[in-house]
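Please keep the sequence and the structure at hand while reading.

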Amino acid sequence: MTSYPDLQLYIGGAWRTTTETLPVVNPATEEIIGHLPCAGQQDLDDALAAAQAGFAIWSRTAPRDRADVMLRAAAIMRTRQDEIAHSITLEHGKPYQQARLEVIRGAEFFEWDAGEAVRAYGRVIPSGPGIDYIVHHQPIGAVAAFSPWNFPMSQPARKIAGAIASGCSIILKAAEETPAGAMHIARAFHDAGLPAGVLNLVFGIPADISSYLIPNDIIRLVAFTGSTTIGRHLTTMASDHMTPVLMELGGHAPVIVCEDTDVKAAAVSGSSRKMRNAGQVCTSPTRFFVHDQIFDEFLQHFTDRAAATVVGNGMERGVEMGPLANHRRITALSEFVDDARNKGADLMTGGSRINAKGYFFEPTVLANVPDSARVMQEEPFGPLAIVNPVGSLDEAIERANSVPYGLAAYAFTNRSDYANQMVERVEAGNLSINTLEASLPETPFGGVKSSGYGREGGTEGLHHYMVVKTVSHSYTIV
Ligand code: NAD
(Lines give C-alpha, C1' and ligand atoms only; values in the text may rest on other atoms or scores of the structure.)
Protein backbone atom coordinates (compact mmCIF):
# COMPACT_ATOMS: atom_id res chain seq x y z
CA MET A 1 0.00 0.00 0.00
CA THR A 2 1.20 3.51 -0.81
CA SER A 3 2.23 5.91 1.93
CA TYR A 4 0.82 9.36 2.67
CA PRO A 5 2.08 11.83 0.04
CA ASP A 6 4.79 14.39 0.59
CA LEU A 7 2.72 17.59 0.80
CA GLN A 8 3.61 20.54 -1.43
CA LEU A 9 2.10 23.74 -2.76
CA TYR A 10 1.30 23.83 -6.49
CA ILE A 11 1.82 27.29 -7.99
CA GLY A 12 2.27 28.22 -11.63
CA GLY A 13 2.49 24.58 -12.71
CA ALA A 14 5.33 23.75 -10.27
CA TRP A 15 5.52 22.07 -6.87
CA ARG A 16 7.19 23.84 -3.98
CA THR A 17 7.86 23.36 -0.29
CA THR A 18 7.97 25.93 2.51
CA THR A 19 10.01 26.28 5.67
CA GLU A 20 6.95 26.77 7.85
CA THR A 21 4.77 23.69 8.32
CA LEU A 22 1.86 22.40 10.41
CA PRO A 23 1.41 18.76 11.41
CA VAL A 24 -1.25 16.65 9.68
CA VAL A 25 -2.76 14.15 12.11
CA ASN A 26 -4.47 10.81 11.52
CA PRO A 27 -7.70 11.25 13.55
CA ALA A 28 -7.97 7.50 14.20
CA THR A 29 -4.55 7.24 15.85
CA GLU A 30 -3.54 10.85 16.56
CA GLU A 31 -0.21 10.09 14.85
CA ILE A 32 1.44 12.75 12.72
CA ILE A 33 1.32 11.53 9.12
CA GLY A 34 2.50 14.59 7.21
CA HIS A 35 3.70 18.16 7.30
CA LEU A 36 1.53 20.84 5.76
CA PRO A 37 3.52 23.50 3.92
CA CYS A 38 2.19 26.94 4.93
CA ALA A 39 2.13 29.51 2.15
CA GLY A 40 3.86 32.79 2.94
CA GLN A 41 3.21 36.17 1.36
CA GLN A 42 5.60 35.51 -1.54
CA ASP A 43 3.86 32.21 -2.29
CA LEU A 44 0.49 33.98 -2.37
CA ASP A 45 1.83 36.76 -4.59
CA ASP A 46 3.19 34.09 -6.93
CA ALA A 47 -0.14 32.29 -6.90
CA LEU A 48 -1.98 35.51 -7.78
CA ALA A 49 0.41 36.27 -10.64
CA ALA A 50 0.13 32.67 -11.84
CA ALA A 51 -3.68 32.78 -11.70
CA GLN A 52 -3.69 35.99 -13.72
CA ALA A 53 -1.43 34.47 -16.36
CA GLY A 54 -3.38 31.20 -16.28
CA PHE A 55 -6.65 33.04 -16.84
CA ALA A 56 -5.25 34.80 -19.91
CA ILE A 57 -4.53 31.41 -21.49
CA TRP A 58 -7.44 29.35 -20.26
CA SER A 59 -10.23 31.86 -20.91
CA ARG A 60 -9.16 31.83 -24.57
CA THR A 61 -8.94 28.04 -24.78
CA ALA A 62 -11.82 26.43 -26.67
CA PRO A 63 -14.39 24.81 -24.37
CA ARG A 64 -13.91 21.50 -26.16
CA ASP A 65 -10.18 21.59 -25.35
CA ARG A 66 -10.89 22.49 -21.73
CA ALA A 67 -13.26 19.55 -21.54
CA ASP A 68 -10.61 17.21 -22.97
CA VAL A 69 -8.12 18.14 -20.24
CA MET A 70 -10.79 17.69 -17.56
CA LEU A 71 -11.79 14.28 -18.86
CA ARG A 72 -8.15 13.18 -19.00
CA ALA A 73 -7.61 14.34 -15.42
CA ALA A 74 -10.77 12.54 -14.25
CA ALA A 75 -9.60 9.34 -15.95
CA ILE A 76 -6.25 9.61 -14.13
CA MET A 77 -8.07 10.05 -10.80
CA ARG A 78 -10.10 6.92 -11.51
CA THR A 79 -6.94 4.89 -12.20
CA ARG A 80 -5.45 6.22 -8.94
CA GLN A 81 -8.60 5.46 -6.96
CA ASP A 82 -6.93 3.19 -4.38
CA GLU A 83 -3.96 5.46 -3.79
CA ILE A 84 -6.15 8.55 -3.34
CA ALA A 85 -8.62 6.69 -1.10
CA HIS A 86 -5.75 5.52 1.07
CA SER A 87 -4.60 9.12 1.63
CA ILE A 88 -8.17 10.23 2.39
CA THR A 89 -8.72 7.54 5.03
CA LEU A 90 -5.39 8.35 6.66
CA GLU A 91 -6.02 12.08 6.92
CA HIS A 92 -9.79 12.10 7.45
CA GLY A 93 -10.57 8.77 9.10
CA LYS A 94 -13.55 7.68 6.96
CA PRO A 95 -13.87 3.98 6.04
CA TYR A 96 -11.66 3.07 3.10
CA GLN A 97 -14.54 1.83 0.91
CA GLN A 98 -16.33 5.17 1.42
CA ALA A 99 -13.12 6.99 0.52
CA ARG A 100 -12.96 4.94 -2.71
CA LEU A 101 -16.51 6.03 -3.56
CA GLU A 102 -15.59 9.63 -2.83
CA VAL A 103 -12.79 9.45 -5.39
CA ILE A 104 -15.29 8.33 -8.02
CA ARG A 105 -17.71 11.08 -7.02
CA GLY A 106 -14.90 13.61 -7.38
CA ALA A 107 -14.11 12.30 -10.86
CA GLU A 108 -17.81 12.53 -11.74
CA PHE A 109 -17.89 16.22 -10.84
CA PHE A 110 -15.12 16.83 -13.39
CA GLU A 111 -16.85 14.67 -16.00
CA TRP A 112 -20.19 16.43 -15.60
CA ASP A 113 -18.70 19.92 -15.68
CA ALA A 114 -16.56 18.98 -18.69
CA GLY A 115 -19.84 18.32 -20.51
CA GLU A 116 -21.25 21.61 -19.30
CA ALA A 117 -18.17 23.49 -20.57
CA VAL A 118 -19.34 22.99 -24.13
CA ARG A 119 -22.98 23.67 -23.29
CA ALA A 120 -22.60 27.08 -21.60
CA TYR A 121 -24.59 28.67 -24.43
CA GLY A 122 -25.49 32.29 -24.80
CA ARG A 123 -28.50 33.39 -26.87
CA VAL A 124 -29.59 35.72 -29.64
CA ILE A 125 -32.48 38.05 -28.77
CA PRO A 126 -34.75 38.67 -31.78
CA SER A 127 -34.92 42.29 -32.80
CA GLY A 128 -33.98 44.31 -35.83
CA PRO A 129 -34.02 44.69 -38.67
CA GLY A 130 -30.31 45.39 -38.96
CA ILE A 131 -29.31 44.79 -35.35
CA ASP A 132 -28.48 41.73 -33.21
CA TYR A 133 -28.55 41.51 -29.44
CA ILE A 134 -26.31 38.64 -28.38
CA VAL A 135 -25.87 37.34 -24.84
CA HIS A 136 -22.43 35.85 -24.13
CA HIS A 137 -21.42 33.88 -21.06
CA GLN A 138 -17.78 34.61 -20.31
CA PRO A 139 -15.52 33.28 -17.53
CA ILE A 140 -15.47 35.65 -14.56
CA GLY A 141 -11.71 35.58 -13.89
CA ALA A 142 -9.42 34.22 -11.20
CA VAL A 143 -11.27 32.50 -8.34
CA ALA A 144 -10.17 32.28 -4.69
CA ALA A 145 -11.67 29.07 -3.33
CA PHE A 146 -11.70 27.52 0.13
CA SER A 147 -12.69 23.89 0.66
CA PRO A 148 -13.38 22.07 3.95
CA TRP A 149 -12.16 18.81 5.48
CA ASN A 150 -15.29 16.65 5.48
CA PHE A 151 -14.79 15.37 1.91
CA PRO A 152 -11.08 15.84 1.17
CA MET A 153 -11.44 15.00 -2.53
CA SER A 154 -14.99 15.76 -3.62
CA GLN A 155 -15.23 19.18 -1.92
CA PRO A 156 -12.18 20.62 -3.74
CA ALA A 157 -13.32 18.80 -6.90
CA ARG A 158 -16.60 20.73 -7.03
CA LYS A 159 -14.89 24.11 -6.92
CA ILE A 160 -12.03 23.24 -9.25
CA ALA A 161 -14.44 21.64 -11.75
CA GLY A 162 -16.75 24.66 -11.88
CA ALA A 163 -13.88 27.10 -12.30
CA ILE A 164 -11.90 25.15 -14.89
CA ALA A 165 -14.92 24.17 -16.98
CA SER A 166 -15.96 27.83 -17.19
CA GLY A 167 -12.55 29.01 -18.36
CA CYS A 168 -11.51 30.57 -15.04
CA SER A 169 -8.26 30.09 -13.19
CA ILE A 170 -8.36 29.20 -9.51
CA ILE A 171 -6.32 29.46 -6.32
CA LEU A 172 -7.64 26.82 -3.96
CA LYS A 173 -6.85 26.77 -0.28
CA ALA A 174 -7.74 23.26 0.76
CA ALA A 175 -8.40 22.34 4.39
CA GLU A 176 -5.34 22.13 6.59
CA GLU A 177 -6.56 18.87 8.17
CA THR A 178 -7.03 17.07 4.84
CA PRO A 179 -4.65 18.45 2.21
CA ALA A 180 -3.83 15.25 0.30
CA GLY A 181 -7.20 14.90 -1.44
CA ALA A 182 -6.72 18.26 -3.18
CA MET A 183 -3.07 17.49 -3.90
CA HIS A 184 -4.04 14.35 -5.77
CA ILE A 185 -6.39 16.44 -7.92
CA ALA A 186 -3.61 18.92 -8.73
CA ARG A 187 -1.31 16.02 -9.62
CA ALA A 188 -3.90 14.54 -11.96
CA PHE A 189 -4.37 17.90 -13.73
CA HIS A 190 -0.62 18.40 -13.95
CA ASP A 191 -0.28 14.99 -15.58
CA ALA A 192 -3.27 15.68 -17.86
CA GLY A 193 -1.51 18.73 -19.32
CA LEU A 194 -3.40 21.64 -17.73
CA PRO A 195 -1.53 24.87 -18.61
CA ALA A 196 0.51 26.39 -15.79
CA GLY A 197 -1.32 28.85 -13.55
CA VAL A 198 -4.86 27.64 -14.26
CA LEU A 199 -4.97 25.64 -11.02
CA ASN A 200 -2.96 26.75 -8.00
CA LEU A 201 -3.08 24.98 -4.66
CA VAL A 202 -2.04 26.57 -1.38
CA PHE A 203 -2.27 25.59 2.28
CA GLY A 204 -1.72 27.44 5.53
CA ILE A 205 -3.44 29.52 8.17
CA PRO A 206 -6.96 30.05 6.73
CA ALA A 207 -7.47 33.63 7.97
CA ASP A 208 -4.05 34.75 6.71
CA ILE A 209 -4.71 33.35 3.25
CA SER A 210 -8.29 34.58 2.84
CA SER A 211 -7.51 38.08 4.09
CA TYR A 212 -4.60 38.33 1.64
CA LEU A 213 -6.29 36.91 -1.45
CA ILE A 214 -9.85 38.24 -1.24
CA PRO A 215 -9.06 42.00 -1.34
CA ASN A 216 -6.73 41.55 -4.34
CA ASP A 217 -8.06 42.94 -7.64
CA ILE A 218 -6.99 39.80 -9.50
CA ILE A 219 -9.60 37.81 -7.58
CA ARG A 220 -13.03 38.08 -9.24
CA LEU A 221 -14.99 35.43 -7.30
CA VAL A 222 -14.80 33.98 -3.79
CA ALA A 223 -16.08 30.39 -3.47
CA PHE A 224 -16.29 28.90 0.02
CA THR A 225 -17.66 25.79 1.68
CA GLY A 226 -17.68 25.70 5.48
CA SER A 227 -19.45 27.14 8.47
CA THR A 228 -21.99 29.96 8.25
CA THR A 229 -19.89 32.06 10.63
CA ILE A 230 -16.81 31.99 8.40
CA GLY A 231 -18.95 32.31 5.28
CA ARG A 232 -20.44 35.55 6.60
CA HIS A 233 -16.99 36.86 7.43
CA LEU A 234 -15.63 36.13 3.94
CA THR A 235 -18.75 37.56 2.30
CA THR A 236 -18.30 40.81 4.20
CA MET A 237 -14.66 40.99 3.13
CA ALA A 238 -15.58 40.30 -0.50
CA SER A 239 -18.42 42.83 -0.52
CA ASP A 240 -15.98 45.62 0.38
CA HIS A 241 -14.48 45.01 -3.04
CA MET A 242 -17.77 44.22 -4.83
CA THR A 243 -16.42 40.73 -5.44
CA PRO A 244 -19.21 38.19 -5.87
CA VAL A 245 -19.35 35.07 -3.72
CA LEU A 246 -20.50 31.47 -3.96
CA MET A 247 -21.26 30.30 -0.42
CA GLU A 248 -22.05 26.72 0.48
CA LEU A 249 -22.56 26.85 4.25
CA GLY A 250 -24.01 24.91 7.13
CA GLY A 251 -27.25 22.95 7.31
CA HIS A 252 -29.46 21.38 9.96
CA ALA A 253 -31.53 19.04 7.85
CA PRO A 254 -35.03 18.11 8.99
CA VAL A 255 -36.56 14.73 8.15
CA ILE A 256 -40.36 14.63 8.16
CA VAL A 257 -41.59 11.10 8.77
CA CYS A 258 -45.29 10.78 7.93
CA GLU A 259 -47.63 8.20 9.43
CA ASP A 260 -48.21 6.42 6.10
CA THR A 261 -44.57 5.41 5.54
CA ASP A 262 -42.84 2.05 5.96
CA VAL A 263 -41.66 2.77 9.52
CA LYS A 264 -38.82 0.29 9.82
CA ALA A 265 -37.39 1.05 6.37
CA ALA A 266 -37.45 4.80 7.05
CA ALA A 267 -35.87 4.39 10.50
CA VAL A 268 -33.09 2.10 9.34
CA SER A 269 -32.35 4.20 6.28
CA GLY A 270 -32.38 7.45 8.27
CA SER A 271 -30.23 6.10 11.08
CA SER A 272 -27.53 4.62 8.85
CA ARG A 273 -27.43 7.72 6.64
CA LYS A 274 -27.09 9.93 9.73
CA MET A 275 -23.89 8.11 10.70
CA ARG A 276 -22.32 8.37 7.22
CA ASN A 277 -19.07 10.32 7.37
CA ALA A 278 -19.63 10.38 11.15
CA GLY A 279 -22.41 12.90 10.55
CA GLN A 280 -19.92 15.48 9.29
CA VAL A 281 -21.94 16.38 6.23
CA CYS A 282 -23.78 19.66 5.65
CA THR A 283 -26.76 17.66 4.33
CA SER A 284 -26.72 15.10 7.14
CA PRO A 285 -30.28 14.17 8.21
CA THR A 286 -30.43 15.40 11.82
CA ARG A 287 -33.80 16.61 13.09
CA PHE A 288 -36.32 13.77 12.68
CA PHE A 289 -39.92 14.91 13.14
CA VAL A 290 -41.98 11.73 13.41
CA HIS A 291 -45.76 11.48 13.48
CA ASP A 292 -47.11 10.52 16.94
CA GLN A 293 -48.78 7.39 15.61
CA ILE A 294 -45.49 5.77 14.60
CA PHE A 295 -43.08 7.56 16.94
CA ASP A 296 -42.29 4.73 19.40
CA GLU A 297 -41.76 2.13 16.70
CA PHE A 298 -39.62 4.50 14.62
CA LEU A 299 -37.47 5.50 17.60
CA GLN A 300 -36.81 1.87 18.55
CA HIS A 301 -35.67 0.84 15.05
CA PHE A 302 -33.69 4.05 14.67
CA THR A 303 -31.88 3.60 18.00
CA ASP A 304 -31.17 -0.10 17.37
CA ARG A 305 -29.57 0.69 14.02
CA ALA A 306 -27.49 3.54 15.46
CA ALA A 307 -26.26 1.40 18.36
CA ALA A 308 -25.26 -1.37 15.94
CA THR A 309 -23.00 0.93 13.88
CA VAL A 310 -19.49 -0.53 13.66
CA VAL A 311 -17.11 2.27 14.70
CA GLY A 312 -13.36 2.02 14.22
CA ASN A 313 -10.27 2.85 12.20
CA GLY A 314 -11.39 3.36 8.61
CA MET A 315 -8.57 1.14 7.42
CA GLU A 316 -10.16 -1.90 9.08
CA ARG A 317 -12.54 -4.07 7.13
CA GLY A 318 -16.19 -3.90 8.18
CA VAL A 319 -15.95 -0.48 9.85
CA GLU A 320 -19.00 1.68 9.04
CA MET A 321 -18.03 4.88 10.83
CA GLY A 322 -14.58 6.33 11.50
CA PRO A 323 -13.47 8.96 13.99
CA LEU A 324 -14.44 12.62 13.90
CA ALA A 325 -12.06 14.69 11.84
CA ASN A 326 -10.53 16.67 14.68
CA HIS A 327 -10.65 17.19 18.41
CA ARG A 328 -12.85 20.29 18.09
CA ARG A 329 -15.76 18.09 17.04
CA ILE A 330 -15.44 15.88 20.16
CA THR A 331 -15.73 18.93 22.38
CA ALA A 332 -18.65 20.33 20.38
CA LEU A 333 -20.58 17.04 20.40
CA SER A 334 -20.08 16.46 24.13
CA GLU A 335 -21.37 19.96 24.87
CA PHE A 336 -24.48 19.48 22.69
CA VAL A 337 -25.33 16.20 24.45
CA ASP A 338 -24.80 17.57 27.98
CA ASP A 339 -26.84 20.68 27.25
CA ALA A 340 -29.75 18.69 25.74
CA ARG A 341 -29.82 16.21 28.63
CA ASN A 342 -29.75 19.00 31.20
CA LYS A 343 -32.78 20.49 29.49
CA GLY A 344 -34.72 17.22 29.60
CA ALA A 345 -33.89 15.27 26.41
CA ASP A 346 -33.77 11.45 26.55
CA LEU A 347 -30.43 9.93 25.61
CA MET A 348 -31.38 6.73 23.74
CA THR A 349 -27.84 5.60 22.85
CA GLY A 350 -24.30 6.95 22.69
CA GLY A 351 -23.39 10.40 23.94
CA SER A 352 -19.70 9.96 24.76
CA ARG A 353 -16.21 9.83 23.34
CA ILE A 354 -15.16 6.21 22.75
CA ASN A 355 -11.41 5.80 23.29
CA ALA A 356 -8.81 8.00 24.87
CA LYS A 357 -6.81 7.73 21.61
CA GLY A 358 -8.36 8.81 18.33
CA TYR A 359 -11.30 11.17 17.93
CA PHE A 360 -14.02 8.52 18.14
CA PHE A 361 -17.51 9.43 19.30
CA GLU A 362 -20.47 7.10 19.83
CA PRO A 363 -23.37 7.17 17.39
CA THR A 364 -25.83 9.20 19.44
CA VAL A 365 -29.63 9.44 19.46
CA LEU A 366 -31.48 12.02 21.52
CA ALA A 367 -35.27 11.88 21.76
CA ASN A 368 -37.90 14.35 22.92
CA VAL A 369 -35.41 17.19 22.74
CA PRO A 370 -36.90 20.50 23.92
CA ASP A 371 -36.65 23.54 21.65
CA SER A 372 -34.53 25.29 24.28
CA ALA A 373 -31.65 22.83 23.71
CA ARG A 374 -28.81 24.36 21.70
CA VAL A 375 -28.72 21.44 19.29
CA MET A 376 -32.24 22.26 18.09
CA GLN A 377 -30.83 25.45 16.52
CA GLU A 378 -27.11 24.75 16.01
CA GLU A 379 -25.76 22.22 13.55
CA PRO A 380 -24.11 19.35 15.47
CA PHE A 381 -21.93 18.30 12.49
CA GLY A 382 -21.36 14.89 14.01
CA PRO A 383 -23.04 11.50 14.63
CA LEU A 384 -25.94 12.93 16.61
CA ALA A 385 -29.61 12.56 15.67
CA ILE A 386 -32.66 14.18 17.22
CA VAL A 387 -35.94 12.24 17.11
CA ASN A 388 -39.00 14.22 18.18
CA PRO A 389 -42.74 13.50 17.89
CA VAL A 390 -45.16 15.76 15.97
CA GLY A 391 -48.94 15.71 15.75
CA SER A 392 -49.44 16.75 12.13
CA LEU A 393 -47.74 17.59 8.87
CA ASP A 394 -48.36 21.30 9.52
CA GLU A 395 -46.50 21.07 12.79
CA ALA A 396 -43.66 19.10 11.17
CA ILE A 397 -43.20 21.72 8.44
CA GLU A 398 -43.29 24.53 10.96
CA ARG A 399 -40.60 22.80 13.05
CA ALA A 400 -38.56 21.99 9.96
CA ASN A 401 -38.48 25.67 9.01
CA SER A 402 -37.74 26.91 12.53
CA VAL A 403 -33.93 27.14 12.16
CA PRO A 404 -31.82 29.74 10.33
CA TYR A 405 -30.59 27.04 7.92
CA GLY A 406 -32.18 25.84 4.69
CA LEU A 407 -29.88 23.45 2.87
CA ALA A 408 -31.21 19.88 2.64
CA ALA A 409 -34.57 18.58 3.87
CA TYR A 410 -36.00 15.07 3.67
CA ALA A 411 -39.35 13.36 3.97
CA PHE A 412 -40.78 9.86 4.06
CA THR A 413 -44.30 9.58 2.68
CA ASN A 414 -46.24 7.84 -0.06
CA ARG A 415 -48.97 10.49 -0.17
CA SER A 416 -48.75 12.94 -3.03
CA ASP A 417 -50.77 15.60 -1.17
CA TYR A 418 -48.22 15.52 1.66
CA ALA A 419 -45.36 15.63 -0.84
CA ASN A 420 -46.92 18.61 -2.64
CA GLN A 421 -47.29 20.54 0.59
CA MET A 422 -43.65 19.96 1.44
CA VAL A 423 -42.48 21.01 -2.02
CA GLU A 424 -44.40 24.25 -1.57
CA ARG A 425 -43.59 25.04 2.04
CA VAL A 426 -40.31 23.50 3.23
CA GLU A 427 -37.53 26.09 3.20
CA ALA A 428 -34.57 24.26 1.67
CA GLY A 429 -32.41 24.32 -1.43
CA ASN A 430 -32.76 20.54 -1.80
CA LEU A 431 -35.78 18.45 -0.76
CA SER A 432 -35.52 14.66 -1.06
CA ILE A 433 -38.59 12.46 -0.64
CA ASN A 434 -38.16 8.74 0.18
CA THR A 435 -34.43 9.05 -0.50
CA LEU A 436 -31.63 10.54 1.55
CA GLU A 437 -29.50 11.46 -1.44
CA ALA A 438 -29.42 15.24 -1.70
CA SER A 439 -26.87 15.97 -4.37
CA LEU A 440 -25.45 14.47 -7.56
CA PRO A 441 -23.11 16.02 -10.14
CA GLU A 442 -26.05 16.61 -12.47
CA THR A 443 -28.34 18.27 -9.89
CA PRO A 444 -27.94 21.83 -8.61
CA PHE A 445 -27.04 21.97 -4.94
CA GLY A 446 -27.04 24.85 -2.46
CA GLY A 447 -28.95 26.55 0.30
CA VAL A 448 -31.41 29.26 1.24
CA LYS A 449 -31.40 31.47 4.37
CA SER A 450 -28.13 31.12 6.33
CA SER A 451 -27.11 28.04 4.36
CA GLY A 452 -25.54 30.17 1.71
CA TYR A 453 -25.82 31.63 -1.70
CA GLY A 454 -25.52 30.07 -5.15
CA ARG A 455 -25.58 26.58 -6.57
CA GLU A 456 -22.94 24.01 -7.39
CA GLY A 457 -23.56 21.17 -9.84
CA GLY A 458 -26.18 20.79 -12.55
CA THR A 459 -26.47 23.29 -15.35
CA GLU A 460 -26.62 26.05 -12.75
CA GLY A 461 -23.17 25.10 -11.43
CA LEU A 462 -21.26 27.13 -13.98
CA HIS A 463 -23.38 30.27 -13.68
CA HIS A 464 -21.42 31.74 -10.79
CA TYR A 465 -18.13 31.27 -12.58
CA MET A 466 -19.36 33.25 -15.60
CA VAL A 467 -20.51 36.76 -16.32
CA VAL A 468 -23.10 37.79 -18.84
CA LYS A 469 -22.06 40.21 -21.53
CA THR A 470 -24.77 41.60 -23.81
CA VAL A 471 -23.55 42.70 -27.22
CA SER A 472 -25.68 45.02 -29.33
CA HIS A 473 -24.44 44.81 -32.92
CA SER A 474 -25.96 47.04 -35.60
CA TYR A 475 -25.06 46.42 -39.25
CA THR A 476 -24.95 50.13 -39.90
CA ILE A 477 -24.10 53.09 -37.71
CA VAL A 478 -27.30 54.38 -36.14
P1 NAD B 1 -14.47 26.47 11.10
O2 NAD B 1 -15.60 27.38 10.91
O3 NAD B 1 -13.32 26.88 11.96
O4 NAD B 1 -13.82 26.03 9.70
C5 NAD B 1 -14.61 25.55 8.63
C6 NAD B 1 -13.74 25.61 7.37
O7 NAD B 1 -13.48 26.97 7.08
C8 NAD B 1 -12.37 24.95 7.49
O9 NAD B 1 -12.11 24.23 6.32
C10 NAD B 1 -11.38 26.10 7.64
O11 NAD B 1 -10.15 25.83 6.98
C12 NAD B 1 -12.09 27.21 6.92
N13 NAD B 1 -11.81 28.50 7.52
C14 NAD B 1 -11.85 28.85 8.82
N15 NAD B 1 -11.56 30.14 8.98
C16 NAD B 1 -11.31 30.65 7.75
C17 NAD B 1 -10.96 31.94 7.24
N18 NAD B 1 -10.82 33.00 8.04
N19 NAD B 1 -10.77 32.07 5.90
C20 NAD B 1 -10.94 31.02 5.08
N21 NAD B 1 -11.28 29.79 5.49
C22 NAD B 1 -11.48 29.60 6.81
O23 NAD B 1 -15.10 25.18 11.67
P24 NAD B 1 -14.55 23.72 11.90
O25 NAD B 1 -14.41 23.49 13.36
O26 NAD B 1 -13.39 23.38 11.02
O27 NAD B 1 -15.80 22.97 11.34
C28 NAD B 1 -17.00 22.99 12.04
C29 NAD B 1 -18.10 23.72 11.34
O30 NAD B 1 -17.79 23.99 9.99
C31 NAD B 1 -19.32 22.85 11.31
O32 NAD B 1 -20.15 23.18 12.37
C33 NAD B 1 -19.95 23.09 9.99
O34 NAD B 1 -20.97 24.03 10.10
C35 NAD B 1 -18.89 23.72 9.15
N36 NAD B 1 -18.47 22.90 8.02
C37 NAD B 1 -19.32 22.85 6.97
C38 NAD B 1 -18.99 22.10 5.87
C39 NAD B 1 -19.93 22.02 4.70
O40 NAD B 1 -19.82 21.09 3.93
N41 NAD B 1 -20.81 23.00 4.51
C42 NAD B 1 -17.80 21.40 5.85
C43 NAD B 1 -16.93 21.49 6.95
C44 NAD B 1 -17.28 22.26 8.04
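The points below take up the ligand site and then the backbone.

The model is predicted, and its ligand sits in the largest pocket. Because domain 1 (9-249 + 451-470) and domain 2 (253-440) both give residues to the shell around the ligand, the ligand lies between these two domains.

**The shell around the ligand**

- There are 24 residues around the ligand, and those that come nearest are Trp 149, Ser 210, Ser 227, Arg 328 and Glu 379.
- By residue class, the shell is made up of 11 nonpolar, 7 polar and 6 charged residues.

**Polar contacts and cover**

- On the side-chain part of the protein, a polar atom of Ser 210 lies 2.8 Å from a nitrogen atom of the ligand, while an N or O atom in the side chain of Asn 150 is 3.3 Å from a ligand oxygen atom.
- Taken on its own, the ligand has 800 Å² of accessible area, of which the protein covers 87%.

**Elements that contribute**

- Two or more residues of the shell come from each of helix H7 (206-213), strand S10 (219-225), helix H8 (228-239) and helix H11 (327-342).
- Among the contributors, H7 gives the most to the shell, with 3 residues.

**Backbone features**

- Most residues other than glycine have a negative phi, and most peptide bonds are trans.
- The peptide bond from Gly 128 to Pro 129 is cis, with omega near 10°, and Pro 129 lies in the loop that runs between strand S5 (123-125) and strand S6 (131-139).
- Ala 278, a residue other than glycine, has a positive phi near 55°, and this alanine is found in the loop between helix H9 (263-274) and strand S13 (285-291).

Conventions. Residues are numbered from 1 along each chain as its sequence is written. This is a predicted model: local features need pLDDT of at least 70, side-chain atom pairs count only at pLDDT 80 or more; totals for chains, interfaces and linings use all residues. Side-chain values use heavy atoms; hydrogens and water are left out. A residue is near a molecule or strand if one of its heavy atoms lies within 4 Å of it. A polar contact is a pair of N or O atoms within 3.5 Å; within protein, one must be able to donate a hydrogen and the other to accept it, and residues adjacent in sequence count only if both atoms are side-chain atoms. Accessible areas come from the Shrake-Rupley method with a 1.4 Å probe; for residues, only the protein chains shown count as cover. On a 1 Å grid over the protein atoms alone, a cavity is a set of points where a 1.4 Å probe fits but cannot get out, and a pocket is an open set with protein on both sides within 12 Å along at least five of seven lines; lining residues have an atom within 4 Å of a point. A molecule sits in a cavity or pocket if more than half of its atoms lie within 2 Å of its grid points. Helices (H or I, at least four residues) and strands (E, at least two) are DSSP runs, numbered from the N terminus. Ala, Val, Leu, Ile, Met, Phe, Trp, Tyr, Cys and Pro count as nonpolar, Asp, Glu, Lys and Arg as charged, and the others, Gly among them, as polar. Domain bounds come from an automatic or database domain assignment.
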